[in-house]
Amino acid sequence: MAGISRLVFLLLLLEYTRPHMTQFFPLIQRDLSFTPYSIQWVPSSARLCAVGATTRGAGIISVYRVNGKRLEIANETETPMPLRCCSFGASDKTTRHVATGDFDGRLQLWDTNRLEIPTSSVNAHDTIINMVDGSMPELATASRDGCVKVWDTRQLDKAVFNVRHTEQQDAWSVAFGGSTHDNRLIAAGYENGDLELFDLAASRYLWKTNIGAGICSIDFNQDKLVLSTLSGLAIVNLTKNGTIEQLQSSSDTTMWAAHHVPQDPRYFGVVGGDGVFRLWDHDGSRHQPVAALSLSKHPIIACDWNRDKQGLVACASFDQTLRIAQVIF
């Protein structure tokens, strides 16, 4: 993590010489030769993985290394079909395999140090996989075919859990929750605004509600779910029978992704169609974010927090650009 440490060091020194307030510092920007759809920090490293589509209709996996104020390509490969999503959630710190879902419904695992061929591959869905999430050793996929499935990475040939929306709505998002083997939850979001919650340990359906807009992403925070939707943000309280709280925002735009800060889940970051990164506080005002930074004139489709450096966030936008910023709380 030396490349990141040098870049952040002076910023952290400044924090102790000024009144406390949330601040954004843009750090690194890199233009891409493809359209990114999903990004993830490689666990326990100063590397960033991006997947997407080329102008030729192929897919691409690119791994970048932070070197001072630059992002340098560490490894890259093309795939026959565009890639829509990726996740390191089911990988350990040693193998650091990334899971990808493509436009043809294929779920694959890749060694980020050797991208020549996938280490595992399965035809998981009939069509595009919109999202993949991981909780070691399992992966969950959500697809346009209306299905949400769970896979064991140790034996990827058959799903261990499978549910299809009763009206065959597009499954846009999926996320793991729960903290123990006996408390394993999975939430699924659909294009019509339906939100479904399942208990994986008991293999049973728990409840369903409707948010009122298509659900682009889901992120657990203990007994709460933060949802980014086509029309904004919502918080679902699991301890109050799925009570929904819509967050007010000054921008009427699609919120593509929302993720909690791993080191301090009181905060969560949101990226949207207006190219703005917003930071929200669960304990703060519901009327506006505590901070915001305009990063692009184009939609930001994905973001991810670094799990080793608090406040370090990466974003990918439709202007074919990766950006890294530091948030100081």
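Trainee: Why is Asp152 called buried?

Mentor: Buried means under 20% relative accessible area, exposed means over 50%, and partly exposed is in between (1.4 Å probe, protein chains only). Asp152 has a relative accessible area of 15%, so Asp152 counts as buried. Before we go on, keep in mind that this is a predicted model, where local features need pLDDT of at least 70, side-chain atom pairs count only at pLDDT 80 or more, and totals for chains, interfaces and linings use all residues. Residues are numbered from 1 along each chain as its sequence is written, and side-chain values use heavy atoms, with hydrogens and water left out.

Trainee: What makes the link between Asp152 and Arg154 a salt bridge?

Mentor: A salt bridge needs a side-chain nitrogen of Lys or Arg within 4 Å of a carboxyl oxygen of Asp or Glu. For Asp152 and Arg154 the N to O distance is 2.8 Å, so the pair meets that definition. Arg154, with a relative accessible area of 66%, is exposed. The structure holds 13 salt bridges, and Asp102, Asp104 and Arg106 are linked in a network of them.

Trainee: Which residue forms a salt bridge with Asp319?

Mentor: That is Arg323, with the closest N and O atoms 3.0 Å apart. Asp319 is partly exposed, with a relative accessible area of 25%, while Arg323 is buried at 11%.

Trainee: What makes a group of residues a nonpolar core?

Mentor: The members are buried Ala, Val, Leu, Ile, Met, Phe, Trp, Tyr and Cys residues joined through side-chain atoms within 4.5 Å. In the largest such core, of 22 residues, those touching the most other members include Ile39, Trp41 and Leu71. Among the strands (DSSP runs of E, at least two residues, numbered from the N terminus) that each supply at least two residues of this core are strand S2 (35-41) and strand S28 (321-328). A second, separate core of 18 residues includes Phe24 and Cys315.

Trainee: Why is His165 called buried?

Mentor: The relative accessible area of His165 is 2%, so His165 is buried. His165 sits in the loop between strand S13 (161-164) and strand S14 (171-180). Leaving aside residues up to four places away in sequence, His165 is in contact (heavy atoms within 4.5 Å) with residues including Gly146, Tyr190 and Lys208.

Technical notes:
Helices (H or I, at least four residues) and strands (E, at least two) are DSSP runs, numbered from the N terminus.
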